[in-house]
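Welcome! Take a look at it first, then read on.

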Amino acid sequence: MADEKVTISRRTFLAGTGLALGGLLGCATAMTYQATVVDGGISLTRSELQRLGGTDKPIVVKADDLPDPILLIPIGENNFRAVSGRCTHLGCHVRPSGNFLVCPCHGSTFDLEGQVVRGPAQSPLEIYPVKAKETEIEIIIF
Ligand code: FES
């Protein structure tokens, strides 16, 4: 029995690779909440947070008055951590990816506490105080 040879063009191979990579990146996409900054903070109801899946995984919080997104990360039963999405290397926006926050520009990687796991970034991400109330979550910005 003769071996069969399968020929695949370079273009087809690259297209398939691109689709696979796109699929992987798509998995890392987090839900986004468009907020308004009021009195130096952002409030998000627990029901809205639940609707976005933010009780199980990080969500991205954006506001017109904020130059950079904030990542709201669930910790423990009812608590949250708010981490700046601005990479401390050169300012690109990090994205949640599994248990890490990854910068698409040069690959800096941070843990969910904002600490550097992999450079070139040298400093941790900025952390914002969070007040977890009974019906809403408040991120204190300034
Ligand atoms: S800007 Fe994030 S790694 Fe360079």
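Strand β11 (residues 130-132) and β12 run antiparallel and are joined by three bridges. Please keep in mind that this is a predicted model.

**Strand pairing**

- β11 and β12 make a hairpin, with three residues lying between them.
- Across this pair, Lys131 has Glu138 of β12 opposite it.
- β12, which spans residues 136-140, also pairs with strand β2 (residues 41-45); this pairing is antiparallel and has five bridges.
- Gly41 finds its bridge partner in β12, namely Ile140.

**Tyr33**

- You can find Tyr33 in strand β1, which covers residues 32-35.
- Tyr33 counts as buried because its relative accessibility is 17%, and the cut-off for buried is under 20%.
- Beyond its neighbours within four places in sequence, Tyr33 is in contact with several residues, among them Ser43, Leu44, Leu52 and Val60.
- Val60 lies 27 residues from Tyr33 in sequence, yet their C-alpha atoms are 6.1 Å apart in space.

**Asp68**

- Asp68 sits in the loop that links β3 (59-63) and β4 (70-75).
- With a relative accessibility of 14%, Asp68 also counts as buried.
- Leaving out residues up to four places away in sequence, Asp68 touches Arg86 and His93.
- The side chains of Asp68 and His93 are joined by a polar contact of 2.8 Å.

How values were computed:
Residues numbered from 1 in each chain as written. Predicted model: local features only at pLDDT ≥ 70, side-chain atom pairs only at ≥ 80, totals over all residues. Heavy atoms only, no water. Helix = DSSP H or I, 4+ residues; strand = E, 2+ residues; numbered from the N terminus. Buried < 20%, exposed > 50% of the residue type's maximum accessible area, 1.4 Å probe, protein only. Contact = heavy atoms within 4.5 Å. Polar contact = N/O pair within 3.5 Å; in protein donor to acceptor, adjacent residues only side chain to side chain. Pairing = 2+ DSSP bridges.
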